[in-house]
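Here are a few friendly notes to read alongside the model. Please keep the sequence and the 3D view open as you go.

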There are 2 protein chains.
Amino acid sequence: MDDAKPLSISRQSLQRMPIYLENLKKLRAAGKSHVSAAFLAGELGLHPVQVRKDLAAVSSVDGNPRIGFALAGLIEDMEDFLGCNNANEAVVVGVGNLGRALLSYKNFAGYGLSIIAGFDSDPAVAGTTVHGKEIFSASRITELCGRFGVHIGIITTPASSAQEVCDAMLLGGIKAIWNFAPLHLNIPDDIIITNENLAASFAALSGRLRQQRDAPKL
Amino acid sequence: MDDAKPLSISRQSLQRMPIYLENLKKLRAAGKSHVSAAFLAGELGLHPVQVRKDLAAVSSVDGNPRIGFALAGLIEDMEDFLGCNNANEAVVVGVGNLGRALLSYKNFAGYGLSIIAGFDSDPAVAGTTVHGKEIFSASRITELCGRFGVHIGIITTPASSAQEVCDAMLLGGIKAIWNFAPLHLNIPDDIIITNENLAASFAALSGRLRQQRDAPKL
DNA sequence: TAGATTGTTAATCGATTAACAATC
DNA sequence: TAGATTGTTAATCGATTAACAATC
């Protein structure tokens with residue numbers, strides 16, 4: 001009766017978890033054995049109570065008044081929580097600069113994440129390898145997603161072909177999509193999606209800068 | 001007295017603006033002259049009232065009951081709002097795959113955004129050009145940011161050098177940072193920052209997938 | 001006119017923060 | 001013990017959604 005965890009965790013919390021994990025590992029590497037929520041909060045510029053709540057949501061043991069959380073256990077719990085030991089695999093469609101960047105990105109491994117293959121419609125690209133991973137023809141998306149048994153698909157194609165790619169992925173059994181193409185994809189309700197519109201992020205940042213500059217004062 | 005706009009707009013709204021803009025342009029290209037908030041909402045999977053509020057926040061004229069908003073005016077207002085005509089310039093430090101991807105990204109232009117130069121500490125990279133843009137030695141960040149008069153800096157270096165790069169940028173007059181390095185940067189309060197942790201996003205997506213799968217049912 | 005669509009005011013929802021008693 | 005740190009309950013805050021009167 002003491003493993004009763006909240007059934008679901010807020011999206012924002014989830015987003016923060018990998019960041020905690022990274023920091024926890026860094027502390028462990030520095031030889032620490034315990035960490036307090038307050039310390040972590042200071043390190044990351046977050047609110048202490050927020051950190052405490054987040055940690056409590058994943059930790060299998062209670063924190064220790066006076067000394068905080070045992071690092072080792074906390075790291076293990078968080079890795080379990082994030083499924084770091086589950087070898088979460090994905091494929092990426094669209095092997096342009098961005099697709100290449102993702103295929104070569106080293107930080108994924110630390111979370112048990114890996115992109116196992118790529119697809120591209122350009123016959124000059126299909127058949128090559130990037131960072132040791134094979135690139136297949138885009139016509140084989142459905143077939144190979146099914147065969148590989150992957151459930152996460154990454155879309156880094158131009159907007160014009162993204163919906164088509166997405167449909168092919170879904171047919172192949174993809175359940176979660178990380179979409180970098182700047183458009184709204186039509187998908188069934190039970191498919192999970194994260195949209196990563198780089199131009200929109202950039203524009204929003206520049207908009208905030210303007211807003212601050214134009215503000216009378218603070 | 002009819003240009004009284006809310007002084008500030010929510011971060012989330014701001015994030016949506018570029019998406020509206022993109023869609024509005026598409027509608028214009030399709031020959032439409034007016035659009036209703038309800039239609040846009042349907043198109044983008046958002047709540048109609050939310051869209052209405054967002055549009056009202058930037059539109060200089062009221063929407064028209066019965067027919068909606070005039071596309072032309074709305075596009076113009078939104079471009080003004082986002083500063084699309086202001087040629088917002090940025091530099092990127094770290095010309096690896098990701099830096100290259102951003103330097104070559106075509107969608108920025110539509111929002112008046114451009115990355116005008118890159119920096120890299122690798123002497124083999126400094127001195128080259130990417131997508132027609134010069135890459136300079138990382139030792140010249142402070143000097144050239146100042147000389148170019150740019151206010152937005154993009155960090156795509158490894159985490160280990162990101163803080164150093166950030167400091168150099170701030171000295172060079174950078175006011176807003178788009179950070180892709182997976183770490184928490186220490187910056188003064190008046191500097192605007194957007195953190196774009198790719199591994200964290202990926203991990204969070206995979207976490208949501210797990211959570212859905214593990215859920216008893218819905 | 002009738003009906004679609006608007007803008008606005010109030011209610012809801014969800015996440016963050018504050019307050020505080022409990023504990024090593 | 002005293003004090004740092006915890007977990008929990010209540011207050012705040014901000015964004016989204018609902019309700020509805022106003023308008024072309």
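Which residues of the largest nonpolar core touch the most other members?

1. Phe108(A) and Phe108(B) do, in a core of 102 residues. A nonpolar core here is a set of buried Ala, Val, Leu, Ile, Met, Phe, Trp, Tyr and Cys residues joined through side-chain atoms within 4.5 Å; buried means under 20% relative accessible area (1.4 Å probe, protein chains only).

2. A word on the basis of these notes: this is a predicted model, in which local features need pLDDT of at least 70 and side-chain atom pairs count only at pLDDT 80 or more, while totals for chains, interfaces and linings use all residues. Residues are numbered from 1 along each chain as its sequence is written, chains are lettered from A and ligands numbered from 1 in the order in which they are written, and side-chain values use heavy atoms, with hydrogens and water left out.

3. Setting aside neighbours within four places in sequence, Phe108(A) contacts Leu102(A), Leu113(A), Ile115(A) and Trp178(A), and also Leu198(B), Ala199(B) and Phe202(B). Contact means heavy atoms within 4.5 Å.

4. In chain A, seven strands make an open sheet of mixed pairing, ordered E5-E6-E4-E3-E7-E8-E9. Strands are DSSP runs of E, at least two residues long, and helices are runs of H or I, at least four, numbered from the N terminus; two strands pair if DSSP finds at least two bridges between them. E5 (129-130) and E9 (192-195) of chain A are at the edges with a single partner strand each, so one side of each has no neighbour in the sheet.

5. Now to chain B, where strand E7 (residues 152-155) sends Ile152(B) and Ile154(B) one way and Gly153(B) and Ile155(B) the other, all of them buried. E7(B) pairs in the parallel sense with strand E3 (residues 88-93) of chain B over four bridges, with Ala90(B) opposite Ile152(B). Four bridges also join E7(B) to the parallel strand E8 (residues 176-179) of chain B, where Asn179(B) is the bridge partner of Ile155(B).

Technical notes
Buried means under 20% relative accessible area, exposed over 50%, partly exposed in between (1.4 Å probe, protein chains only).
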